[in-house]
Amino acid sequence: MVDIEKLREIAREIISRDDVRQLIGYRQGTYGFRARPAFVTDPGEVDKLIFSPACVNNLATYITLEERLPVPRGQEPDLRKVAVMVKGCDSRALVQQMEEKAYERERILVLGIPCTGVVDMDKVEKRFPGVLARGEIVLEGDKFLLTYDGKEEEVAKGELLADKCTRCRYPTPLVYDQLLDEEVARFADDDYADVEALEKRSAEEKWAYWEEKFSRCIRCYSCRNVCPMCYCEDCVLDRLNPQWMRRSVDVSENTAYHIARAYHLAGRCIQCGECQRVCPVDIPLMELNRKFYKDVEELYDYEPGTNAEAPPLLSTFKVDDREDFIM
Amino acid sequence: MAVKKLSKDKVKEALQELTKFRLIAPAKSDEVVIFKQIENPDEAYLEYGNSTVPPKRVVFPQTETLFRFLRGSPELKEKDVEEEGTTVIFGLRPCDARAMAIVDRLFSWDYEDPYYLKRRQLTTLVGLACVEPPSVNCFCTSLGGSPFGTEGLDILLTDMGDHYLVQALTEKGEKLQETLSAHLEDAPAGDEKKAEELAAAAEGKIARSINTEGIPEKLPTLWEHELWKKVSAACLGCGICTFLCPTCHCFDIQDEVEETGEGRRARMWDSCMFSEYTLHASGHNPRPTRRERTRNRISHKYSYYPKRFEVIACVGCGRCINLCPVNIDILEILEQVVDAS
């Protein structure tokens with residue numbers, strides 16, 4: 001686990017630097033053991049920084065989400081670096097963003113967190129209803145320790161771990177300037193069992209399954225906005241003229257939206273799982289993303305977000321690319 | 001009208017009776033609780049906390065046709081809300097009913113919205129008191145509501161263990177109670193007193209609060225205050241807080257035309273947190289960043305609305321806190337407003 005004192009010490013040094021504008025990390029949430037993003041600009045604020053298994057947010061999103069207004073006449077743009085804390089999975093978003101030339105490497109300073117896994121809040125809520133709001137959770141070895149109402153409870157790590165962590169190939173960040181702890185060896189691999197189960201279903205079964213999920217969608221676009229790879233300044237969904245997708249919320253338009261979203265992430269999704277985590281109506285978006293992920297790996301031996309020097313998959317063409325899936 | 005009881009083993013037959021109307025009740029879609037039209041009483045899920053999407057969408061649908069047209073033809077076919085028929089929303093929470101009472105003021109203000117108001121007129125609200133507050137972030141008591149609040153409701157049901165206590169609150173409610181009379185019995189003596197005790201206990205369990213006094217007047221004085229930048233720093237700009245808010249009522253109007261020339265004018269929910277919400281045709285946006293949008297969300301609820309309608313447009317249901325992906329917490333923002341100087 002990351003030593004919090006060490007984390008704060010390093011953060012203090014970084015934010016004191018003249019060439020650093022802001023540090024994005026985690027701090028305690030407003031209730032229960034929720035954690036939330038922290039935006040530190042002053043050394044006096046570093047003592048609120050934390051890291052725990054509740055630090056689920058992928059902070060790489062904020063690198064591309066930041067709004068840049070036109071610089072007023074007579075003023076210089078602030079070109080100082082932004083420092084960001086990333087877990088293994090989150091770091092892949094940075095790698096993929098840089099692979100796509102979203103920004104230059106010098107713009108960011110990366111604090112890598114070798115990650116031993118984060119919790120799935122829904123799993124905790126299901127197993128210990130209401131506890132999230134009034135307890136604490138820490139990871140000790142292969143167990144989560146929950147403290148609530150004066151009680152202590154031990155739960156095997158695998159039971160409360162986020163699904164993405166149970167098949168994480170890259171727990172140690174793939175890009176960093178400073179690592180906050182010893183490297184963590186890969187503790188799982190991805191056998192795509194869930195995707196294979198989905199593939200085996202008939203077209204009718206798949207449609208019935210997704211129709212139910214998509215009919216719940218309220219088009220809040222939280223899945224788009226939270227995604228570190230959805231950083232187009234002019235999103236096709238916001239366009240009114242031409243309007244590529246209607247604003248009407250019904251199963252047909254919702255399906256079109258989710259197909260567009262998934263396709264735009266093919267060969268780009270780095271499996272941080274944020275889209276599914278934030279969905280208020282529990283649409284299992286990662287099942288779509290993972291199907292593409294598996295296809296891309298099988299067809300092109302390519303894993304998004306693992307090599308910043310590699311050309312982005314879908315903007316390259318090789319004469320020996322496999323084409324046997326093309327009719 | 002006398003208070004009645006609805007025995008739990010008669011709930012299904014009562015719901016069956018109500019399916020002669022358009023019956024809307026909480027139901028499960030996978031693990032998500034939503035309000036939907038039910039044909040079969042088994043679909044209703046009354047042992048719920050609160051629904052993810054508020055029942056506002058029954059009276060204010062996320063997308064609704066206003067009228068249909070044929071390109072090139074001057075004739076319009078207006079939507080007749082009457083065709084939807086009499087509606088009963090069964091088992092909604094008091095905060096969500098109160099939210100409808102609050103939003104009614106807007107839709108009947110300078111222009112009487114025929115679609116919304118007709119639908120409201122056709123709808124009877126059967127509430128289910130919160131014996132246990134559904135969420136740790138409930139704060140209805142700070143806004144003049146209560147877990148047993150009756151504002152906006154036509155009937156209040158209280159879970160008494162083996163039965164529901166049924167209290168008709170309005171003429172509409174009495175009429176519906178009459179419809180259900182074959183399934184109701186006289187309430188046991190002492191039930192009303194017991195319900196009062198349950199109500200007091202439930203109020204005591206509301207863990208979070210805010211003193212709203214002075215906030216509507218103070219908000220406009222903090223227009224350029226640094227707090228807005230801080231509280232909106234983590235905002236993703238998604239529509240969760242507004243779409244899932246039972247009082248948010250902004251909408252957009254768009255024409256949708258098919259290749260045949262047949263089309264419709266439809267209105268659909270809009271969110272002040274979206275980047276194109278106030279985007280002008282010129283390209284200028286008076287709310288260029290999430291800072292201004294967050295300030296607007298809070299100011300609309302806690303300042304503009306009370307100034308015009310004498311009620312804060314928030315019922316303390318806690319959905320925006322519970323479901324925000326980055327833990328932006330309206331109570332924390334309001335506390336900062338109170339403390340700001």
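The radius of gyration is taken here over C-alpha atoms, and the globule rule is 2.2 Å times the number of residues to the power 0.38. You will need that for the opening exercise. The model is predicted: local features need pLDDT of at least 70, side-chain atom pairs count only at pLDDT 80 or more, and totals for chains, interfaces and linings use all residues. Residues are numbered from 1 along each chain as its sequence is written, while chains are lettered from A and ligands numbered from 1 in the order in which they are written.

**Exercise 1. Work out how the radius of gyration of chain B agrees with the globule rule.**

Step 1: Chain B has 341 residues, for which the rule gives a radius near 20 Å for a compact globule.
Step 2: The model gives 21 Å, so chain B agrees with the rule.
Step 3: Along the principal axes, the C-alpha atoms of chain B fill a box of roughly 65 × 60 × 40 Å.
Step 4: Buried residues (20 or more other C-beta atoms within 10 Å of their own; exposed means 12 or fewer, partly exposed in between, with C-beta atoms placed from the backbone) make up 44% of chain B.

**Exercise 2. Divide chain B into domains and describe where they touch.**

Step 1: Domain 1 covers 4–204 and domain 2 covers 215–339; such bounds come from an automatic or database domain assignment.
Step 2: The C-alpha centres of the two domains of chain B lie 25 Å apart.
Step 3: Count contacts, meaning pairs of residues whose C-beta atoms, placed from the backbone, lie within 7 Å. By this count, 33 residues of domain 1 of chain B meet 26 residues of domain 2 of chain B.
Step 4: On the domain 1 side, β4 (63–70) and α3 (94–107) of chain B each supply at least two residues. Helices (H or I, at least four residues) and strands (E, at least two) are DSSP runs, numbered from the N terminus.

**Exercise 3. Describe the side of chain B that touches chain A.**

Step 1: Here 36 residues of chain B are in contact with 31 residues of chain A.
Step 2: β3 (32–37), α9 (240–243), β11 and β12 of chain B each give at least two residues to this side, and the largest share, three residues, comes from β11(B).
Step 3: Look at how β11 (residues 251–257) meets β12 (residues 262–269) in chain B: the strands run antiparallel and are joined by seven bridges. Two strands pair if DSSP finds at least two bridges between them.
Step 4: Within this pair, B:I253 stands opposite B:R267. The hairpin has four residues between the strands, and B:G261 takes a positive phi near 95° there.

How values were computed: Two residues are in contact if their C-beta atoms, placed from the backbone, lie within 7 Å.
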